[in-house]
Amino acid sequence: MLETLDAAAVHRWCDGGLEALRAHQREIDELNVYPVPDGDTGTNLVLTLTAAREALAATTGEPGPGVPMRRMARGALLGARGNSGVIVSQILRGMADSFAAAVAVRGGELARALRTATDAAYAAVARPVEGTVLSVVAAAAEAAGRIGSDSLVVVAREAARAAAEALARTPQQLEVLARAGVVDAGGRGLCLLLDALVEAVDGEGERPVRRERHHHVGERRVGGDRRRGETPLGYEVQYLLDATEPAVDGLRAALAEIGDSLVVVGTGEGDPPTWNVHVHVAEIGPAIEAGVAAGRPYRISVVPLTDRGPGGDRRGAVVAAAGDGLTALFEAEGAVVVDRNPSTAEMLAAVAATGARSVVLLPNDPNTHAVAKEAAKEATREGLRVSVVPTRSPVQALAALAVRDEQRPFADDVIAMAESAGACRYGEVCTAQRDAFTVAGQCRAGDLLGLVDGEVHVIGGDLAEVSRLLLDRMLGGGGELVTLVLGADAPPGFEEELRGHVHRTWPFIELQCYAGGQPRYHLLAGVE
């Protein structure tokens, strides 16, 4: 049992804390619902303490705790991940600052260090919220000071005990935790670190009881229970920044206008000093631009904030289409299908029917595109992640769905789908409803029109001939894969005729042909 904290104990504390966080990493990830249910607090704390230990390993030959604690704190700050990681780094920095002025660290110094750590943690957060790791460290500091002991072990034990009690109270302080039936994830991580501190200073004495109790306080409902006014899903942007303090004051104000979960903390070292910037935003660009305006941002990290609780990883798709065959094709790809020309309410109902928190909308028509955008806006206000891939034809939607990959971040998946859809040239054959002048010449009502990317390229009277000319026009620009979707009124032998033409004229093309059953369009064609 130690009377004063020494360098060896700091090393043991860091090693033990990291070991405990790794052992409970998954548990803490599953607790994570505030500020967003992104399921990564345990992972972020492990990465933060890993950076702290790597920095601490470079410290040798120092008998006192001051230098090792400063190295540990600086390593945690530079390697901090996520909101909780940054706050924990500030707790360590506050303790290091307090230890630096102490001749010997006994119980009284530890209590003062926890108070300094609490002040640093609250100061780091733009809008402090009770029921989080802040409440837990504040309770630990208050209890450590109140006990009035100069015994290092007694104060450490009292701080750990009070932290555990404060953690149990977090659902009473933060409604989102109560609804989800969990305690605060960051606070749980801090309790593990304080337990590790007790073990580090207790030597061969009695080890504290590991708090293994179930940290769900009721029925857990993560992912489907976010309400208006809570943090919308978006992006976690984090970077290191070399900037002057006045410039950082301006940065804080700018980021506070566009995001939340804002934490900006400095190392106090360097000219200009180095800062760790963390914020949750709806758009990435303005957050990075604000950093560029303030100084030199680097080690930029952008992480989509996606639900990862039960059902949180599930993604969905809504497609506007008509025709039994097309509907079956899209449903086989896991999409919910709405009839062509849907209302915003019908789109929103389809989004809800997916049962997913992250949904992509594929309108397949310029007119439906505007409806899809409005539906996406409304769904986002309800706490969902909904993006529109601006497909103009069902064949583009098929191309987009073919590249879906739920192992990618949702934002990256949406980009990949949009790129695949954009790389698919689309064509269609339909009947002119009235006389008109087109880029291909004049057409009469009843003529067959072959359109490429919405423009008339072929006018004729025979379906097979117009379709062949359309395919030749599209493939003349190159292509490897052709998808054909036959309409409801496709005549007998139509598919075989088109297959024969493609194989004879374009022998190296891969061809897929489906009976779509769609009205109005005798043929839909896609070339990739």
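1. Ground rules. This is a predicted model, where local features need pLDDT of at least 70 and side-chain atom pairs count only at pLDDT 80 or more, while totals for chains, interfaces and linings use all residues. Residues are numbered from 1 along each chain as its sequence is written, and side-chain values use heavy atoms, with hydrogens and water left out. Helices (H or I, at least four residues) and strands (E, at least two) are DSSP runs, numbered from the N terminus.

2. The main core. The largest nonpolar core has 75 residues, and Trp13, Leu49, Met69, Met72, Met95 and Leu110 have the most contacts inside it. Helix α10 (residues 185-202) gives the most to this core, eleven residues. A nonpolar core here is a set of buried Ala, Val, Leu, Ile, Met, Phe, Trp, Tyr and Cys residues joined through side-chain atoms within 4.5 Å. Buried means under 20% relative accessible area, exposed over 50%, and partly exposed in between (1.4 Å probe, protein chains only). There is also a second, separate core of 24 residues, which includes Leu362, Ala399, Ala421 and Cys424.

3. Met95 up close. Not counting residues up to four places away in sequence, Met95 touches Trp13, Met69, Leu110, Ala113, Leu114 and Ala117. Contact means heavy atoms within 4.5 Å.

4. A search of the whole structure finds two cavities of 30 Å³ or more. On a 1 Å grid over the protein atoms alone, a cavity is a set of points where a 1.4 Å probe fits but cannot get out; a pocket is an open set with protein on both sides within 12 Å along at least five of seven lines; and lining residues have an atom within 4 Å of a point. Grid points are joined across faces, edges and corners, and a volume is the space filled by probe spheres set on the points. The largest cavity has a volume of about 50 Å³. Met95 turns up again in its lining, along with Trp13, Val88, Ile91, Leu92, Leu190, Leu193 and Leu194. The lining divides into eight nonpolar, no polar and no charged residues. For these classes, Ala, Val, Leu, Ile, Met, Phe, Trp, Tyr, Cys and Pro count as nonpolar, Asp, Glu, Lys and Arg as charged, and the others, Gly among them, as polar.

5. The second largest cavity. This one has a volume of about 40 Å³. Its lining is made of Arg315, Gly316, Ser358, Val360, Arg404, Phe410, Asp413 and Met417, with three nonpolar, two polar and three charged residues by class. The biggest contributor is α17, with three residues.

6. Helix α17. The 13 residues of α17 (residues 410-422) should span 18 Å at 1.5 Å a residue, and the end C-alpha atoms are 18 Å apart, which agrees. The expected span is 1.5 Å times one less than the number of residues. Buried residues in α17 are Phe410, Ala411, Asp413, Val414, Ala416, Met417, Ser420 and Ala421. They pack against β1 (235-242), β4 (296-304), β5 (315-320), β7 (358-362), β8 (385-388) and α16 (394-402).

7. The largest pocket. Its volume is about 910 Å³. It is lined by 36 residues, with Glu428, Cys430, Leu451, Arg520 and Tyr521 nearest its centre. The largest share of the lining, four residues, comes from β9. By class, the lining has 19 nonpolar, ten polar and seven charged residues.

8. Ser261 has a positive phi of about 50° although it is not a glycine; Ser261 lies in strand β2 (residues 259-270) and counts as buried at 16% relative accessibility. Asn364, also not a glycine, has a positive phi of about 65°. Asn364 is in the loop between β7 and α15 and counts as buried at 8% relative accessibility.

9. Pro304. This proline lies in strand β4 and is buried, with a relative accessible area of 10%. Leaving aside neighbours within four places in sequence, Pro304 is in contact with Gly234, Tyr235, Arg385, Pro409 and Ala411. The C-alpha atoms of Pro304 and Ile284 are separated by 9.8 Å, and these residues are 20 residues apart along the chain.
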